[in-house]
Amino acid sequence: KKVIQALNDKTISFLQKHSNDYYSFWFFKNQIIDFTLTFCNKDTAYLSSLLIDFKSIFPRKYVNSFEGVQLNNHLESYIIPPPDEKQIAPSFAAKDVNGNDIVLNSLKGKYVLLDFWATWCAPCMTAIPLVKKLRADFSPDSLVIIAINKDRDLDLFKKEIERSKMNWMHIFDDENKISGLYGVHAIPVSILINKDGVIIYRCLGLGKDDEKQIDGLLRK
């Protein structure tokens with residue numbers, strides 16, 4: 001770990017002298033950060049220092065760009081541990097694909113299923129029928145389903161909603177804000193929140209056994 005940090009320090013010193021070059025930003029994002037997360041992803045203090053370096057070294061055009069926001073959220077998702085079962089679900093406010101406001105805290109009194117997915121993710125597409133079954137078995141008054149999409153193509157995302165007849169709420173999380181809040185690094189991820197706003201189930205990949213577990217929890 002010390003060798004990696006020493007190498008990063010030397011590289012960052014060089015990049016700092018060329019911070020206006022896109023390649024420097026690209027190298028920091030795709031080489032330094034990716035390599036560090038592979039070997040030092042538990043060292044939150046060091047990751048925090050890298051986030052500070054990122055924001056202080058590079059100009060706003062990179063920090064506030066789509067890639068920059070993704071990098072910021074990706075690092076924060078490691079620095080801030082993802083909420084686990086029996087913890088209060090972090091609240092968020094966002095607009096769905098139809099422009100309607102969704103505020104998680106306003107849904108207390110109902111079960112909420114967060115489904116993180118993307119059209120390019122084969123396991124996500126395989127899980128759609130299982131989410132459909134939950135939608136068919138439980139009314140929107142008792143179970144709110146919110147799909148958090150991680151595509152980059154909004155039109156493709158909207159077409160898939162219509163094609164697959166996904167009749168629940170959808171948020172286009174193109175800046176990974178909600179994904180970062182819940183520490184979602186890989187998809188599909190499903191998170192069930194109870195009526196008091198507490199996470200009671202979380203799984204990576206939604207299989208038939210997971211669907212049965214969620215069904216059982218909803219019927220208690």
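Mentor: In this predicted model, the link of Cys-121 and Cys-124 is right-handed, with 80° about the S-S bond.

Trainee: What is a disulfide, and which cysteines does a disulfide join here?

Mentor: In general, a disulfide is a covalent bond between the sulfur atoms of two cysteines. Here Cys-121 is joined to Cys-124, with an S to S distance of 2.4 Å.

Trainee: How many disulfides does a search of the whole structure find?

Mentor: The search finds 1.

Trainee: How do I read the packing of helix H6 and helix H9?

Mentor: Two packed helices are described by the angle between their axes and by the distance between those axes. For H6 (residues 122-137) and H9 (residues 208-218), the angle is about 20° and the axes lie 10 Å apart. Angles under 35 degrees count as roughly parallel, so H6 and H9 are roughly parallel to each other. The crossing of H6 past H9 is right-handed.

Trainee: Which residues in H6 and H9 meet?

Mentor: H6 contributes Leu-130, Lys-133, Leu-134 and Asp-137, while H9 contributes Lys-208, Glu-211, Ile-214, Asp-215 and Leu-218. Of the residues in this contact of H6 with H9, 4 are nonpolar, 5 are charged and none is polar.

Trainee: Do strands E6 and E7 run parallel or antiparallel, and how many bridges join them?

Mentor: A general point first: in a regular strand, side chains alternate between the two faces of the sheet. In this case E6 (residues 189-193) and E7 (residues 199-204) run antiparallel and are joined by 5 bridges. Ser-190 stands opposite Cys-203 in E7.

Trainee: Which residue takes a positive phi in the hairpin of E6 and E7?

Mentor: Gly-197 does, with phi near 85°; the hairpin has 5 residues between the strands.

Definitions and conventions
Residues are numbered from 1 along each chain as its sequence is written. This is a predicted model: local features need pLDDT of at least 70, side-chain atom pairs count only at pLDDT 80 or more; totals for chains, interfaces and linings use all residues. Side-chain values use heavy atoms; hydrogens and water are left out. Axes are lines fitted to C-alpha atoms, for helices over the stretch in contact, and angles run from 0 to 180 degrees between N-to-C directions. Helices (H or I, at least four residues) and strands (E, at least two) are DSSP runs, numbered from the N terminus. Angles under 35 degrees count as roughly parallel, over 145 as roughly antiparallel, 65 to 115 as roughly perpendicular and the rest as oblique. A crossing is left-handed if the near helix is turned anticlockwise from the far one by less than a right angle, and right-handed if clockwise. Contact means heavy atoms within 4.5 Å. Ala, Val, Leu, Ile, Met, Phe, Trp, Tyr, Cys and Pro count as nonpolar, Asp, Glu, Lys and Arg as charged, and the others, Gly among them, as polar. Two strands pair if DSSP finds at least two bridges between them. A disulfide is a pair of cysteine sulfur atoms within 2.5 Å.
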